Amino acid sequence: MYIYNVTTNIEETAHDTWLQWMKETHIPQVLSTGKFLSAKFTKVLVEEDMGGFTYSVQYTVQDKATLDRYYEEDAPKLIESIQQKFAGQLVSFKTELEVVDEYFVQRATATHFLFTYGTLQEREVQLAVFARPLNGFEDELPSYTISDQKIADLYPTLKHTGKKEDSIKGQVYTLSHHELQKADVYEGEAYERIEIQLASGKKAWAYIAKL
């Protein structure tokens with residue numbers, strides 16, 4: 001896994017406008033390219049000799065090939081939009097980081113079951129979304145199948161059939177309330193979270209495409 005880091009110093013006169021634009025426009029545009037798994041927006045706590053304020057955005061990406069495709073397919077247009085809106089008011093530089101290893105603190109506040117049948121079962125995605133790998137168990141969701149229709153022609157969703165013979169095997173993970181909110185952000189506006197009952201009798205959350 002890699003981290004694409006962009007550090008920016010923004011002039012004080014443009015700070016408030018730029019900060020709002022980053023949160024509401026630019027970072028969502030970068031994530032909408034489909035190249036990145038998550039983003040973290042931070043303020044650098046340092047007094048700059050040049051003045052202004054310094055921020056860092058860290059985008060998590062699965063591999064270098066995907067990052068290279070972002071540079072080729074998406075970055076030029078996004079960089080141009082920054083220059084058009086804030087020309088002469090900021091200085092940015094990028095850094096590529098390769099994740100060597102990760103260490104985690106076990107949390108004892110996990111209280112939600114989440115039934116997964118897609119990318120949330122992938123370790124790289126779990127690290128990006130929850131900052132830890134998840135330990136799950138196998139269960140089944142009765143009366144559902146995987147729909148033939150996919151979100152954006154790429155991502156699977158559930159289809160309720162009502163037939164007892166239909167069933168989907170998946171992994172169930174235990175999450176804290178905060179982690180469940182992170183899953184909501186990862187799944188995005190195309191999905192909604194619904195409560196379902198598994199074959200084991202446990203109640204859990206699952207994501208299904210919005211109608």
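Author: A residue is called buried when its relative accessible area is under 20%, exposed when over 50%, and partly exposed in between (1.4 Å probe, protein chains only). By that criterion, both tyrosine 4 and phenylalanine 36 are buried. The model is predicted: local features need pLDDT of at least 70, side-chain atom pairs count only at pLDDT 80 or more, and totals for chains, interfaces and linings use all residues. Residues are numbered from 1 along each chain as its sequence is written, and side-chain values use heavy atoms, with hydrogens and water left out.

Reader: How many aromatic pairs does the structure hold, and why is the pair of tyrosine 4 and phenylalanine 36 called stacked?

Author: There are 12 aromatic pairs in the structure. For tyrosine 4 and phenylalanine 36, the ring centres are 6.0 Å apart and the planes lie at 15°. Pairing requires centres within 6.5 Å, and planes under 30 degrees apart count as stacked, over 60 as edge-to-face and the rest as tilted; the two rings therefore form a stacked pair.

Reader: What makes the pair of tryptophan 18 and tyrosine 55 tilted?

Author: The centres of the tryptophan 18 and tyrosine 55 rings are 5.3 Å apart and their planes stand at 55°, which means that the pair is tilted. With tryptophan 18 in helix H1 (residues 15-31) and tyrosine 55 in strand S3 (residues 53-61), the pair ties together parts that are 37 residues apart in sequence. Tryptophan 18, at 2% relative accessible area, is buried, and tyrosine 55, at 6%, is buried as well.

Reader: Which residues form one aromatic cluster, and what lies over the face of tyrosine 71?

Author: The cluster consists of Tyr4, Phe36, Tyr59, Tyr70 and Tyr71. Over the face of tyrosine 71 lies lysine 94, at 3.8 Å from the ring centre. A charge sits over a ring if NZ of Lys or CZ of Arg is within 6 Å of the centre and within 35 degrees of the ring normal.

Reader: How do you know that arginine 193 forms a salt bridge with aspartate 184?

Author: The closest N and O atoms of arginine 193 and aspartate 184 are 2.8 Å apart, and a salt bridge needs a side-chain nitrogen of Lys or Arg within 4 Å of a carboxyl oxygen of Asp or Glu. Arginine 193, at 27% relative accessibility, is partly exposed, as is aspartate 184 at 26%. The charged end of arginine 193 also sits over the ring of tryptophan 205, 4.5 Å from its centre.

Reader: What makes glutamate 189 exposed, and with which residue does its side chain meet in a salt bridge?

Author: Glutamate 189 has a relative accessible area of 67% and is therefore exposed. Its side chain meets that of lysine 210 in a salt bridge, at 3.4 Å from N to O. Glutamate 189 lies in the loop between helix H5 (177-187) and strand S10 (191-197), and lysine 210 in the segment after strand S11 (203-209), so the pair ties together parts that are 21 residues apart in sequence. Lysine 210, at 42%, is partly exposed.

Reader: Why are glutamate 73 and arginine 69 separated by about one helical turn?

Author: Glutamate 73 and arginine 69 are separated by about one helical turn because they are four residues apart in helix H2 (residues 64-73). Their side chains meet in a salt bridge (3.7 Å, N to O). Glutamate 73 is partly exposed at 47%, and arginine 69 at 39%. Both residues belong to a network of salt bridges that links Lys35, Arg69, Glu73 and Asp74. A search of the whole structure finds eight salt bridges.

Methods:
Helices (H or I, at least four residues) and strands (E, at least two) are DSSP runs, numbered from the N terminus.
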